[in-house]
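Here is a short briefing on a protein model. Look at the sequence and the structure, then read the points below.

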Amino acid sequence: MQAPVIETRDVKKHFTIGEVVTRAVDGISIQIHEGEFVAIDGMSGSGKSTLLHLLSLLDRPSEGEVRVLGEDTSRFPRQRRVSMRLTTFGYVFQDYALIPELTALENVLLPQFMQTGCYASCSKRGEELLARVGLGDRLHNLPNQLSGGEQQRVAIARALVNKPRILFADEPTANLDSDTSENIMGIIKELHGQGITVMMVTHEPEYAARAERIITLADGRVVEG
Amino acid sequence: MYMTLRSLRVGFFLMLRYLRRGSPWASLLIVTIMFLTFLNVVVVRGVLVGLPIGASLSYEHEYSGQVLVTPLANQRHIDRTNYIEQFIAAQEGYRAHTARYLASGVLRADFERPQKASLLPDQVGAALVGIDPYAEDRVTQLSSLVIEGRYLREGDTSVVLVGSQLLERYAGNTPESGGTPETSGSLSGVYPGDTIRLTIDDVAGEYEVVGVVEGKVGENSRRVFMVDRHLRKVLGRSADKKDEVAIVLTSGAAATAYAQTLRDAGLAEFATVQTSRESQGQFLDDITDTFNLLGNGVGFIGIIVAAITVFIMIFIVALNRQKQIGILKGIGINRLTIESSYVFLSIAYASVGIGLGVLVLYGVIAPYIAENPIDFPFADGILVAPWDDTFARGLILIATTLIAGYLPARLIVQKPTINAILGR
């Protein structure tokens with residue numbers, strides 16, 4: 001069997017506020033394989049976003065291992081983690097997370113500019129990606145000139161610009177109406193169809209059902225999947 | 001190395017976007033602060049240093065000329081003055097000179113009215129100067145310093161010009177103004193047209209005050225001027241024994257070279273030959289250094305204030321963009337890129353502020369002060385702001401801004417990525 005692209009071994013994340021310890025992720029061991037579409041669901045406060053942050057190297061576990069492409073990331077220096085987020089991962093945040101001073105095209109091209117040093121002459125890929133998410137005519141609009149759904153599509157285009165192996169999406173439809181949510185889910189499903197590993201956090205069973213596999217969390221533990 | 005350059009390029013790209021599409025009011029505020037700080041650092045120091053230099057220039061223009069010839073230390077007068085005058089006039093670079101007789105005397109006002117023995121007489125001691133009115137005016141423009149009455153004329157005999165600091169209405173009459181138990185510090189109620197009694201070497205005479213002189217240098221404001229022939233006659237002095245020769249040179253002639261020529265020609269045997277600067281002694285250098293130190297102190301404080309201001313402004317800007325910084329880190333933009341974008345931003349603000357400052361300094365302030373010197377009591381205040389000094393101060397300000405911009409950016413960027421994204 002193929003080695004997992006992401007694997008956790010008894011990973012834990014605890015937050016301490018005063019004398020209160022919150023066990024957001026409490027000993028999770030999972031494996032994600034290349035090309036999988038995995039949905040992480042659960043009630044609010046179940047630890048699904050925290051788990052996604054750990055898997056995507058946005059946060060460090062309190063205990064346990066997060067292995068990416070066979071390597072234990074706990075030993076990664078900061079720069080290596082940043083580099084992996086740039087080259088291997090793509091992110092779609094819940095609230096779009098675009099840079100307000102950059103146009104749609106500039107937002108999309110920024111990670112590519114960082115990775116390759118190529119900007120103006122490499123803008124074609126950004127234009128193609130925006131066209132692919134239906135924003136070919138909004139290249140030079142600033143985020144505040146776009147609707148929520150349009151901003152989320154820009155965020156998806158940005159996540160894809162460096163051809164990531166794994167796409168992380170943290171409740172990508174949370175702030176969108178049902179039509180727009182359908183549109184976003186369609187794009188994500190299409191990307192999975194093209195071979196990208198997708199890990200998506202959602203609390204909506206309807207969208208979780210679109211995934212190949214659902215990991216359900218409760219109180220920081222896997223209860224199903 | 002390549003990665004570093006790429007990070008800086010992306011940082012510069014982000015800075016341009018922040019500048020172009022960020023809040024114009026925040027940018028305007030920071031640029032204004034940098035502009036005012038630059039002017040504070042350069043102009044305040046320039047005016048402070050300009051004070052002693054302005055005083056020195058006043059001394060040269062109103063009194064000493066560019067070269068001053070005075071008696072040797074062990075001599076009462078300049079020997080062979082006529083020969084010296086002829087010699088200096090024949091040298092290259094010479095434009096004009098004035099030779100003066102000096103004496104001391106006592107001026108008494110209201111001398112006709114009987115006075116109680118217990119009261120101080122209204123009298124004051126002063127230096128008397130015998131001048132050729134025309135020659136003096138060519139060298140020091142003394143006539144332009146007459147603030148009341150008229151200037152001396154060639155044929156005047158028993159008339160004097162009185163320095164303003166010898167008159168109570170200008171100088172006051174206090175111990176600080178020079179009063180002694182025997183003489184008051186200044187004369188009261190003396191105006192042009194009044195007669196005073198002047199005692200020179202125990203010889204008393206009555207003189208009409210024809211005018212009042214007020215200059216920036218004490219040598220003019222505390223002296224009494226009369227026509228040289230008359231004073232020489234009163235003193236019984238030879239025409240070949242004068243006390244001061246002030247020389248002005250043609251435009252472009254160097255005072256040091258001219259003075260050296262006179263010394264080399266043997267004039268040093270008869271007189272002391274000094275440039276105006278030399279005649280003012282070490283005091284001028286000391287006071288210039290002191291004002292320079294003060295200016296640097298004020299400038300240093302200005303730079304510290306600017307650094308703190310930029311720190312706070314960039315900190316607020318970065319704090320407001322904390323979430324975006326987290327997102328940038330989240331999508332793989334490294335710290336150097338993010339930090340450099342804020343450093344470039346501070347440098348851009350500083351450069352624009354300093355650029356505006358240079359334009360205003362050399363386009364408005366410096367020409368204006370050159371045309372309209374600041375009227376300080378003891379000098380015409382000028383602005384000393386040489387390009388090299390301004391450039392150096394601009395660089396120091398940019399370097400300070402760079403650090404002040406870097407520190408807050410680093411503080412914010414160091415925050416854990418997920419905390420920055422989630423704003424916790």
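A crossing of two helices is left-handed if the near helix is turned anticlockwise from the far one by less than a right angle, and right-handed if clockwise. Helices are DSSP runs of H or I with at least four residues, strands are runs of E with at least two, and both are numbered from the N terminus. This is a predicted model, in which local features need pLDDT of at least 70 and side-chain atom pairs count only at pLDDT 80 or more, while totals for chains, interfaces and linings use all residues. Residues are numbered from 1 along each chain as its sequence is written, and chains are lettered from A and ligands numbered from 1 in the order in which they are written.

**Confidence**

- The model scores ipTM 0.91 and pTM 0.75.
- Two residues are in contact if their C-beta atoms, placed from the backbone, lie within 7 Å.

**Domains of chain B**

- Chain B is divided into domain 1 (2-59 + 284-422) and domain 2 (67-252). Such bounds come from an automatic or database domain assignment.
- The centres of domain 1 and domain 2 of chain B, taken over C-alpha atoms, are 52 Å apart.

**Where the chains meet**

- In this interface, 19 residues of chain B are in contact with 21 residues of chain A.
- On the chain B side, α1 (2-21), α11 (322-330) and α14 (417-422) each supply at least two residues.
- The largest share of that side, 7 residues, comes from α1(B).
- By class, the side of chain B that touches chain A has 7 nonpolar, 7 polar and 5 charged residues. Ala, Val, Leu, Ile, Met, Phe, Trp, Tyr, Cys and Pro count as nonpolar, Asp, Glu, Lys and Arg as charged, and the others, Gly among them, as polar.

**Helices packing on α12 of chain B**

- Two packed helices are described by the angle between their axes and the distance between the axes. Axes are lines fitted to C-alpha atoms, for helices over the stretch in contact, and angles run from 0 to 180 degrees between N-to-C directions.
- Helix α2 (residues 24-64) and helix α12 (residues 335-371) of chain B pack at about 50°, with axes 7 Å apart. That makes α2(B) oblique to α12(B). Angles under 35 degrees count as roughly parallel, over 145 as roughly antiparallel, 65 to 115 as roughly perpendicular and the rest as oblique.
- The crossing of α2(B) and α12(B) is right-handed.
- Residues in this contact include I30(B), F35(B) and F38(B) of α2(B), and Y349(B), G353(B) and I365(B) of α12(B). By class, the contact of α2(B) with α12(B) has 15 nonpolar, 3 polar and no charged residues.
- α1(B) also packs with α12(B) at an angle of about 50°, with their axes 7 Å apart. That makes α1(B) oblique to α12(B).
- α1(B) passes α12(B) in a right-handed crossing.

**A helix pair in chain A**

- Helix α3 (residues 104-116) and helix α5 (residues 148-160) of chain A pack at about 25°, with axes 7 Å apart. That makes α3(A) roughly parallel to α5(A).
- A104(A), N107(A), V108(A) and P111(A) in α3(A) meet V154(A), A157(A) and R158(A) in α5(A).
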